[in-house]
Amino acid sequence: MRIAIFGLTISSSWGNGHATLWRGLCKALAQLGHEFIFFERDVSYYASARDWPSLPPSMGDSQLVLYSDWSTIESRARRELASCDTAIVSSYCFDAQAATDAILDAQHPLAVFYDLDTPVTLDALRSGKQVPYIPWRGLGDFDLVLSYTGGAALEALRSDLCAHRVRALYGHVDPDVHQPVDPVARYEAVLSWLGTYSADRQAMLEELFVAPARLRPNRKFLIAGAQYPEHFPWSNNVYFVYHLPPQEHAAFFSSSRLTLNVTREPMARMGWCPSGRLFEAAACGAAVLSDEWCGLDDFYTPGKEVLVARYTSDALAALDMSDAQLRSIGRAARERTLDEHTSLHRAKQLIHYLEELRSASHPLTSRSSTQQFDAARP
């Protein structure tokens, strides 16, 4: 199968969670014998921190196309679409509208929208905001809509955006990249947190990380990520690593007694939206302390494979657990991850969805049922 992908980025992991997910998924697709071409707009802030300037040899004849402006790539994109079986547009793709038009004009490839940010998308639309990567007609023109989020989000995509066929395609991890390694001194800490700054998870980060750090002033706490503001409530025992590339994630997770997972507020509220970082840490055998959200127990068993916290006192109790207890939780989480949550699992799931559509005895969904979304728009 040949797949065209129009995404935010695969070439740079700076300040976004999309790149690592696309890398794992595309590598697994290549491993399964499929070929892809990834179109990415070449923006300066990703170019300055590009850690994947080209695709690795393991991806065979697949291609990464970096372009400066849609007008410079439109002709090629349309030519490529003519020979593709499937075309995917993702959330936050800079040229999602233009890419969608090209895909629909091509007619032959299955048209797929993959929302890697479903709760954020739905929150913005319900607040009356414009979401530039959502076509003005909604998602009714797509043969398949994939959601990074399950649960109620799937029905919301149908009711709010007129999506016809909706399936969950959750986050995942490449176990070749994320696996237990020897600890590295500079990443050693009693509690670590890896994530880009986001205002909508700051309250929980302060509850589960900042407050425990202040109550354990003689212990080292560590944050890695990008876009942290000057007014972030640092303390003397909180250390910072600016932008940790994926090749360093395993060492980061393997070097702390406990690592934190904090979900963005819209995603935690909607549930069934595990962060890619959760799978990464678990694959490294790290003991994970996670905020609480509906559906977490569908991915990991609380108390056995993951620790769950709502308040500072919960985080402190986790910090006071023995090394043996934390190692046991980390081992169990890694086993569950390798059994259910690898990039290869998700790639097989994606291909199953696509083959299911192709082999259906009935025609593909009509690409015209968009009246409900049009009427609902402000």
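Predicted model: local features only at pLDDT ≥ 70, side-chain atom pairs only at ≥ 80, totals over all residues.
Is Asp 320 buried or exposed? With a relative accessible area of 54%, Asp 320 is exposed, since anything over 50% counts that way. Arg 216 counts as partly exposed, at 25% relative accessibility.

Helix 7 and helix 11 meet at an angle of about 65°, and their axes are 8 Å apart. The crossing is right-handed. On the helix 7 side, the contact is made by Glu 207, Leu 208, Ala 211, Pro 212 and Leu 215; helix 11 brings Thr 312, Ala 315, Leu 316 and Leu 319. Sorted by class, that gives seven nonpolar residues, one polar and one charged.

Next comes helix 5 (residues 118–126), which packs on helix 6 (residues 152–161). Here the angle is about 35° and the axes lie 11 Å apart. This crossing is left-handed. Helix 5 puts Thr 118, Leu 122, Leu 125 and Arg 126 into the contact, and these meet Ala 153, Ala 156, Leu 157, Asp 160 and Leu 161 of helix 6. The tally by class is six nonpolar, one polar and two charged residues.

Asp 160 is partly exposed, its relative accessible area being 23%.

How many of the nine residues of helix 5 are buried? Seven are, so the helix is largely enclosed by the rest of the structure. The buried residues are Thr 118, Pro 119, Val 120, Thr 121, Leu 122, Ala 124 and Leu 125. Their cover includes strand 5 (110–115), along with strand 6 (144–147), helix 6 and helix 9 (265–270). Just past the end of helix 5, Gly 128 takes a positive phi of about 85°.

The loop leading from strand 5 to helix 5 holds Asp 117. Asp 117 is buried, yet it has no salt bridge. The nearest side chain of opposite charge is that of Arg 264, at 5.2 Å; a salt bridge would need a nitrogen within 4 Å of a carboxyl oxygen. Apart from neighbours within four places in sequence, Asp 117 is in contact with His 18, Ser 91, Tyr 92 and Met 267.

Tyr 92 is found in the loop between strand 4 (86–90) and helix 4 (96–106), and is partly exposed, with a relative accessible area of 36%. Cys 162 also has a positive phi, near 60°, without being a glycine. Its place is in the loop between helix 6 and strand 7 (166–168). Cys 162 is buried, at 7% relative accessible area.

Back to charged pairs: the count for the model comes to 24 salt bridges. One of them joins Arg 336 to Glu 305, whose closest N and O atoms are 2.8 Å apart. Arg 336 lies in helix 12 and Glu 305 in the loop between strand 12 (288–291) and strand 13 (307–309), so the pair ties together parts that are 31 residues apart in sequence. Both Arg 336 and Glu 305 are buried.

Conventions. Residues numbered from 1 in each chain as written. Heavy atoms only, no water. Axes fitted to C-alpha atoms, helices over the stretch in contact; angles between N-to-C directions. Helix = DSSP H or I, 4+ residues; strand = E, 2+ residues; numbered from the N terminus. Left-handed = near helix turned anticlockwise from the far one by under 90°. Contact = heavy atoms within 4.5 Å. Nonpolar A, V, L, I, M, F, W, Y, C, P; charged D, E, K, R; others polar. Buried < 20%, exposed > 50% of the residue type's maximum accessible area, 1.4 Å probe, protein only. Lys, Arg positive; Asp, Glu negative; His and termini not counted.
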